[in-house]
Amino acid sequence: MGKTSFRHIVIGLGGLGSAAAYWLSQRDGGDVLALEQFELGHARGESEDHSRIIRKTYHTVDYVRYAQAAYDTWAEVEAHAGEELVVKTGELNFWPEVTTLDETAFNSAMAACDVPFERLSAAEVSRRFPQFRFDDSIHAVWQPDGGLLAASKANAAHRRLAARQGAVLRDNAPVEAIRQINGGYEVRAGGQIYEGEKLILAAGPWTNRLLAHFGLSLPLVVTQEQVSYVTPLDAAPFTPERFPVWIWMIHDNYYGFPIYGANGVKIARDRFVPTTAETRSFTPDPENEAQLRGFLERHIPQAAGPLLYSKTCILTHTPDTDFVLDSLPGHPGVFCVVGANHAMKFASVIGRTLADLACTGETAQPIEAFRFGRDALRSTE
Ligand SMILES: Cc1cc2nc3c(=O)[nH]c(=O)nc-3n(C[C@H](O)[C@H](O)[C@H](O)COP(=O)(O)OP(=O)(O)OC[C@H]3O[C@@H](n4cnc5c(N)ncnc54)[C@H](O)[C@@H]3O)c2cc1C
């Protein structure tokens, strides 16, 4: 049997745990163990697809600053991995006349952080991007740094580089028990007992199962989502060089991507249908597919070709949509991260922040809003 005692044990190798394993192994090399309950790169969690949107358009200064740090961190990982992970396409945010979101908050936060952006009328959108069709009731905000993060590729890069730096990555090793011992924790997983001084819980939709080992729980909601890939009638106007990522700025929004990773544009509409990691379905919802087709026909008609495929996914939400990134109450050596439905763009900087916290107890990153004990996370039970 190999080494069983480690300085750090990461539980969960989705987007966030893979990043934590990478940044911990940068500091502590082979003193990092990472445990995944399924095979590496599996599609049962939140993080695996060709693309996720990366953007600096956020509604608070702290999020914009964290997003800026995310871009810098991805650039370091790209240099280390020797591959492109962030594809800048520019980002178009469409603001309808009536929305649940606060455009002023977004624009003020970007201005405060020197993030350039430009307001475009519907006519100006049509002139620059004739692929879109909107009437004068909408306007758009253009942010040139927005784009897509090659999610599955980035997760694989984090894991590959972590292993190269000495981290031990175990797949098919579900964590079944955690017990506090002198100087750390004993973790039972996949028929083995391991010891770790520090633990990182990065279990996404399975978070409350892990927290139960500490007598804790969070008021998280897991929802069933899906994305569809649609083959455009003509591919040329939909390459990443010509077609930006875009978001319809309202709760339950539509959003989309250029052709990347598959032979079609990607489009989705948030469903927010409550489920659990155990009961979720892998069968796409045809009603959602029909809504997407209707949106494409109305607003991006050249993209409304045949459906290539749809893919289901699950998503973990906190009540205030802010992440959890903190130590557990009463366990200063155990850190919990929850992505709260928008974390993939931040994955690497979140991993780095977790490594800072685990190794030094401190971080320079703006994570005050992500405390475990904040009011919004006090269970209502
Ligand atoms: C359809 C969709 C669209 C999205 N769009 C965007 C976007 O455009 N931009 C963006 O930034 N974010 C987006 N997100 C959100 C983002 O993808 C998630 O916030 C992020 O992937 C969360 O990663 P995670 O590592 O926390 O979770 P997961 O990827 O689910 O990873 C958790 C891992 O922990 C493992 N695990 C759990 N319990 C155990 C155990 N007991 N033992 C061992 N292993 C365990 C699981 O098997 C899993 O691999 C989107 C999500 C979805 C579903």
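## Pocket between the domains

Domain 1 (5-47 + 152-218 + 320-377) and domain 2 (91-144 + 221-317) both contribute residues to the lining of the second largest pocket, so this pocket lies between them. The model described here is predicted. The second largest pocket holds about 160 Å³ of space.

Its lining is made up of Pro205, Trp206, Thr207, Asn208, Arg209, Leu220, Val221, Val222, Thr275, Thr276, Ala277 and Glu278. Helix 6 (207-211) and strand 13 (221-230) are the elements that give two or more residues to this lining. Helix 6 gives the most, with three residues. By class, the lining of the second largest pocket divides into six nonpolar, four polar and two charged residues.

## Shell around the ligand

The ligand is surrounded by 36 residues. Which of them are the closest? They are Glu36, His42, Ser47, Cys313 and Lys345. The classes in the shell are 21 nonpolar, 11 polar and four charged residues.

Both domains take part in the shell: domain 1 (5-47 + 152-218 + 320-377) and domain 2 (91-144 + 221-317) each supply at least three residues.

## Polar contacts and cover of the ligand

On the backbone side, an N or O atom of leucine 16 lies 3.0 Å from an oxygen atom of the ligand. For methionine 344, a backbone N or O atom is 3.1 Å from a ligand oxygen atom. In the case of arginine 52, an N or O atom of the side chain is 3.0 Å from an oxygen atom of the ligand.

On its own, the ligand has 1,000 Å² of accessible area, and the protein covers 95% of this. Two or more residues of the shell come from each of helix 1 (15-28), strand 3 (52-54) and strand 18 (307-317). Strand 18 gives the most to the shell, with three residues.

## The cavity

How many cavities of 30 Å³ or more does a search of the whole structure find? The search finds one. The volume of the largest cavity is about 40 Å³.

The residues lining the largest cavity are Phe238, Phe243, Trp246, Gly256, Phe257, Val265, Lys266, Ile267, Leu296, Ile300 and Ala303. Sorted by class, nine of the lining residues are nonpolar, one is polar and one is charged. Strand 15 (254-257) and strand 16 (265-269) each give at least two residues to this lining. The element that gives the most to the lining of the largest cavity is strand 16, with three residues.

How values were computed: Residues numbered from 1 in each chain as written. Predicted model: local features only at pLDDT ≥ 70, side-chain atom pairs only at ≥ 80, totals over all residues. Heavy atoms only, no water. 1 Å grid on protein atoms, 1.4 Å probe; cavity = no way out; pocket = protein on both sides within 12 Å on 5 of 7 lines; lining within 4 Å. Points joined across faces, edges and corners; volume = space filled by probe spheres on them. Helix = DSSP H or I, 4+ residues; strand = E, 2+ residues; numbered from the N terminus. Nonpolar A, V, L, I, M, F, W, Y, C, P; charged D, E, K, R; others polar. Near = heavy atom within 4 Å. Polar contact = N/O pair within 3.5 Å; in protein donor to acceptor, adjacent residues only side chain to side chain. Areas by Shrake-Rupley, 256 points an atom, 1.4 Å probe, with all protein chains shown as cover. Domains from an automatic or database assignment.
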